[in-house]
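This report covers strand pairing and helix packing. The sequence and structure come next.

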Amino acid sequence: MIWAKEETLPRAEIEKIQLEKLKQTVSYIYEKVAPYRRKMEEEGVKSEDIQSLADLKKLPFTYKADFRDNYPDGLFAVEKRDLVRYHASSGTTGKPTVVGYTRNDLEMWLNNVARIACMGGATSEDVAQIAFGYGTFTGALGLHGGLEKVGASVIPMSSGNTNKQIMFLQDMGVTLLVATPSYALHLGEELRARGIDPSKDLKIHIGLFGGEGMTEPMRDEMHKVWGEQFVCTQNYGMSELCGPGVAGECTELCGMHINEDWFIPEIINPETGEVLPPGEQGELVITCLGKEALPLVRYRTGDLTRLMYEPCKCGRTTARMENLSGRADDMLVIRGVNVFPTQIEEVLFKIDEIGPHYEILVERKNRLDVMTITVELIDDRLLDGYTKLNELEKKIKSALKSQLGLATQLRLVAPNSLQRFEGKAKRVTDLRKDGL
Ligand code: ZN
């Protein structure tokens with residue numbers, strides 16, 4: 001099912017809608033958001049300079065750092081009383097990125113999520129189990145609201161608690177699972193370990209995955225554990241843009257359709273900022289159209305992809321973005337949570353007993369991401385006293401958990417045992433390269 005007629009318009013009509021909304025958005029952001037107005041003035045661009053979609057490139061970029069510099073709500077265009085919801089995600093420093101929604105924004109957001117749920121095959125017949133963590137993360141409440149719009153019955157399970165997940169999958173006749181791909185694999189393997197064959201013993205046939213990318217080897221593995229009947233698609237979004245609902249794969253599995261009447265995509269050279277021709281790979285930049293609380297123009301997502309404009313066999317005419325090939329910055333996605341090495345550094349630097357050298361190792365064990373942080377002690381005599389060492393370990397782990405929102409493994413090692421670097425330190429080793 002195709003949720004909205006805007007998904008199937010001829011290109012000229014999509015572009016007409018985009019241009020009209022773009023002009024409104026630029027005047028709106030200039031008038032309501034002081035930091036963006038300053039940027040436009042610095043670059044000498046006026047709202048009336050935007051007369052075609054090609055003029056978009058005249059506008060200044062918005063960066064993740066703009067959220068940090070204007071924390072918590074300096075980029076908002078409305079008063080607090082007009083907001084009906086806040087969400088937040090982890091940022092590059094200790095402070096989260098806070099986003100807000102008016103009533104119209106929520107409506108727009110959840111309709112866009114309904115579109116991507118339909119792209120993945122969801123209907124009003126589905127029983128949907130949401131295994132994303134609820135809270136300020138946009139994933140859970142986004143898919144929750146979007147699937148309710150479609151008419152599915154939603155089970156707000158939240159993340160973790162594998163026994164309960166399995167019980168509901170069986171007892172409630174769940175047909176659709178929302179999760180990170182790595183958790184879905186873990187859950188599928190647990191089912192198999194208990195002698196449950198999802199293709200025979202469960203009704204499950206749809207997986208809607210997000211929070212982290214899914215590679216093709218991972219999708220193959222998903223079919224091995226969940227069965228061939230399991231259609232798994234991934235979708236794309238980030239809280240700054242609204243949350244999930246920016247783009248999603250249809251069941252043809254040939255890239256993610258972008259909801260172009262609400263989001264204009266551009267691909268740029270991440271080094272120079274220059275806009276690249278259609279089909280070339282580069283950093284994805286998104287302009288949000290018609291958002292009230294948090295209008296964003298030319299937001300640098302840091303994600304690397306390419307755009308495809310040929311109409312799809314599914315009937316949608318919207319541009320598709322290729323599944324992500326990486327990030328332009330250093331962000332790690334661990335079990336769906338964004339982690340920046342600088343956040344880890346910030347925690348470690350505050351603890352007196354350890355030195356400034358550390359290493360981060362990310363692996364996938366039993367289908368789950370495991371992050372191990374190795375840190376040097378200042379005084380190696382600590383290694384001889386079990387109780388003190390144990391206390392210190394607990395202290396560091398709990399500080400890391402409260403900063404990152406994620407449990408980590410910790411190794412404390414003797415002074416001077418970690419490798420030193422002369423140039424840029426290579427602190428992160430990510431062994432998840434095979435995509436499994
Ligand atoms: Zn399609």
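## Strand pairing

Strand 10 and strand 11 (residues 282-288) pair in the antiparallel sense over six bridges. Strands here are DSSP E runs of at least two residues, and helices are H or I runs of at least four, numbered from the N terminus. Two strands pair if DSSP finds at least two bridges between them. Ile 267 stands opposite Leu 284 in strand 11.

The open sheet has three strands, ordered 10-11-12, with antiparallel pairing. Strand 10 (263-268) and strand 12 (299-305) are its edges, each pairing on one side only. From one strand to the next, the twist averages 30°.

## Model basis

The model is predicted: local features need pLDDT of at least 70, side-chain atom pairs count only at pLDDT 80 or more, and totals for chains, interfaces and linings use all residues. Residues are numbered from 1 along each chain as its sequence is written, and side-chain values use heavy atoms, leaving out hydrogens and water.

## Helix packing

Helix 7 (residues 181-193) packs against helix 9 (residues 216-226) at an angle of about 25°, with the axes 9 Å apart. Axes are lines fitted to C-alpha atoms, for helices over the stretch in contact; angles run from 0 to 180 degrees between N-to-C directions. Helix 7 is therefore roughly parallel to helix 9 (angles under 35 degrees count as roughly parallel).

Contact means heavy atoms within 4.5 Å. On helix 7, the contact residues include Pro 181, Leu 185 and Arg 192. On helix 9, they include Met 218, Glu 221 and Trp 226.

Note on methods
Angles under 35 degrees count as roughly parallel, over 145 as roughly antiparallel, 65 to 115 as roughly perpendicular and the rest as oblique.
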